[in-house]
Every structure is written in C-alpha cells, then in structure tokens.
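Please keep the sequence and the structure at hand while reading.

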Amino acid sequence: MLGGDAYALFYAAVMRAVLVVNPQATATTAAGRDVLAHALASEVKLDVIETDYRGHAMKAARKAAEEGVDLVVAHGGDGTVNEVVNGLLTAGSPAPMLGVVPGGSANVFARALGLPRDPVEATGVLLTAIESGRSRTVGLGRVSWHDGSRFFTFNAGVGWDADVVAWVDRKRGKQTSPYLYARAALACYMKPSHGQPQLQIEIPGEQPHQGGRLAFVSNTDPWTYLGNRPVHLNSECTFDGGLGLYSLSTLRLPTVLRALRQAVSKRGNQRGGKVLRRDDVGLIRVTAEEPVRLQVDGDLVGERTNVEFTSVPRALVVAL
C-alpha cells in the first residue's frame, strides 16, 4: 500500500486537469498563460481552454466536470472564478477540485483564501498543493430568484453595490482600479439609477426588517479590497460558517461616511443605530417594492424584486 507522500505523487501523475483562462482579465497575458500551462502540464494531464464570451468559463467547467476531470483551474478575475464554480456545481456531484490562479484586478476570493496576488507565486502554491495532495473545503453562498439561481464565492448584493458594478461595466475596458470603483460609488450615490430602494429583509426567527436601502451578503471577510486595504462589513464571516448580512436603513451622508470609516478600519467593527448586521446566518430573504439590481461576486445578474440567499456548507474543495 502506498504511503501518504507516495500516494499524493501517484495521484498527481494521473490527475486530469483543465485550465480555464480568461485572456481579457486585467492581469492575464499570453506569456503568463504559457508559463502556467507548462508548469501544470509537468504535473498533470492538462487541457487548456481560453474563454471568448460571457458564460464560456461556466460551460467549459461544466463539461470538464461531466467528463470526470479531477481538477479545474481558473485563471482570471473573480468573474471567471465564479463562472467556473457555477459550472462545477451544476454538473452533478462530486464536483472536481478547484484551483485558482489570480489574474484580475481585485481577486477577492483568491486573496481571502490566502493566495498570493502574483500569478507566478500563486502557481507555485497550486503546484505544491497538487504534489502534496493538499486541499481545503469551503462553504459558498447561493442566491435564488423565481426562475434561476447562482452560487457566489465571497459576496452578493442588492442595491448600491450592484449599481456600482453596472456603472463600472459600462465604463471600463480591460483595466480597472480602486479609483474607478471609487468614482462609480460616488456617481451612483449622487445619482442612483433606481432611486433609493425600499427593501424588506427577512431572517429566520426574527420579525421582518423594513426600510433597508441596501443589502450586502458576504460569504467571507474581507468583503472586498481598495488596493491593498481590506474592506470589512462582517468581520466574523468565514468560509467555514454561514453568511453575513449588512444593511443600512438610510443613505444619508453622515451614516454612509461613518460606515465607510468603520469598513476600512483595522478592526472592521460595523455598528450603529442605522446598521443591520448579522453573522453566521443560514438564510436571508430580500424583497423590493420595485426591481433593483443584483450583483454576484462583482458580476451584474440583472434586476430582481425577490431574492433568497442561502449558505451552502462544505460546497467545494479547493487545491490550496
């Protein structure tokens, strides 16, 4: 019988893997793709797929899962990772293991896992994980509406943040930056495209909370980053627990400025009379009087009036 180290090396040698690359992601290059592919091909039996349209990564990951591939590596930004995750988890079970090599601008999921931002360094971590058979199981979130659903790795939101995502999508090319997102946040605050929504937020065991102006739902913390600075909304939220909820009952400037100051502080302790915050929640339902935008892992899904967020424990295995 093979020992642990010998088994890991044997398994890596016969492992089938697919590398899904988004060439349009901010930090991906043809040279970087070739280096990553060459390094992976030295350890596994590898196929490489470059995406060329929205939804392609999801389709490629689903096909890989259906064909029994052992590992699917996402090289791109958070949108690429989200598509790959959804492809893996909608193809039946068990899902292949996920590998992540960051290639976007924010790379929130990869950074929350503790991966280096540099693609070459992250590739080294992935190769070591393959060689040693090392992995981590993480929980995910899932948002559902009347005719569909989607998994999310780090956050989803209704209202202001989704408006920001829509604004950035209209303005950006391949390049994004914290400055662009800051401009978008200010623009959407000064002139919200849907006005200020009226949200009802329901949590099991509590009376419905009326009058929410926005709803952030986190699957981990930090919720996002401003360059190197982490942004905290639910500092106790982890991949091993339930979802975090953060909502404000007013978007008056003093409240927003206080919330932003707390969000970028080292402690990240969000509090205040206008703040609704819950950690480790299994189910959150948000209802709006009029359609409001919904974003999932920084990807605009569309407009909805009724969405349900659920925690999905131990949903995915990540090579780490």
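**Overall form**

The coordinates come from a predicted model. The protein contains nine helices and 16 strands. Its radius of gyration is 20 Å, close to the 20 Å that the globule rule gives for 320 residues, so the protein is as compact as a globular protein of that length.

The chain is divided into two parts: domain 1 covers residues 16–133, and domain 2 covers residues 144–314. The centres of domain 1 and domain 2, taken over C-alpha atoms, are separated by 26 Å.

The size of an interface is often given as the accessible area lost when the parts come together. Between domain 1 and domain 2 the buried area is about 1,700 Å², and carbon and sulfur atoms give 53% of it. On the side of domain 1, the residues that lose the most area to domain 2 are Asn82, Val108 and Arg111, which together make up 30% of what that side buries. In terms of contacts, 20 residues of domain 1 touch 20 residues of domain 2.

Seven residue pairs are in polar contact between domain 1 and domain 2, with both partners at pLDDT 80 or more. Helix 4 (78–89) and helix 5 (108–112) each supply at least two residues of the side of domain 1 that touches domain 2. Helix 4 provides the largest share of that side, with six residues. By residue class, the side of domain 1 that touches domain 2 comprises nine nonpolar, six polar and five charged residues.

**Salt bridges**

The count of salt bridges comes to ten, and the count between domain 1 and domain 2 is one. Two salt bridges are listed below.

| Salt bridge | N to O distance |
|---|---|
| Arg54 and Asp299 | 2.6 Å |
| Arg33 and Glu50 | 2.2 Å |

The salt bridge between Arg33 and Glu50 links distant parts of the chain: Arg33 belongs to helix 2 (residues 30–41) and Glu50 to strand 2 (residues 45–50), 17 residues apart.

**Backbone features**

Most residues other than glycine have a negative phi, and most peptide bonds are trans. Which two residues are joined by a cis peptide bond? The residues are Asp221 and Pro222, with omega at about 10 degrees. Pro222 is placed in the loop between strand 10 (214–218) and strand 11 (224–226).

Asn107, a residue other than glycine, has a positive phi near 55 degrees. Asn107 lies in the loop between strand 4 (97–102) and helix 5.

Definitions and conventions
Residues are numbered from 1 along each chain as its sequence is written. This is a predicted model: local features need pLDDT of at least 70, side-chain atom pairs count only at pLDDT 80 or more; totals for chains, interfaces and linings use all residues. Side-chain values use heavy atoms; hydrogens and water are left out. Domain bounds come from an automatic or database domain assignment. Contact means heavy atoms within 4.5 Å. Buried area is the accessible area (1.4 Å probe) that two parts lose on being put together, summed over both. A salt bridge is a side-chain nitrogen of Lys or Arg within 4 Å of a carboxyl oxygen of Asp or Glu. A polar contact is a pair of N or O atoms within 3.5 Å; within protein, one must be able to donate a hydrogen and the other to accept it, and residues adjacent in sequence count only if both atoms are side-chain atoms. Helices (H or I, at least four residues) and strands (E, at least two) are DSSP runs, numbered from the N terminus. Ala, Val, Leu, Ile, Met, Phe, Trp, Tyr, Cys and Pro count as nonpolar, Asp, Glu, Lys and Arg as charged, and the others, Gly among them, as polar. The radius of gyration is taken over C-alpha atoms; the globule rule is 2.2 Å times the number of residues to the power 0.38.
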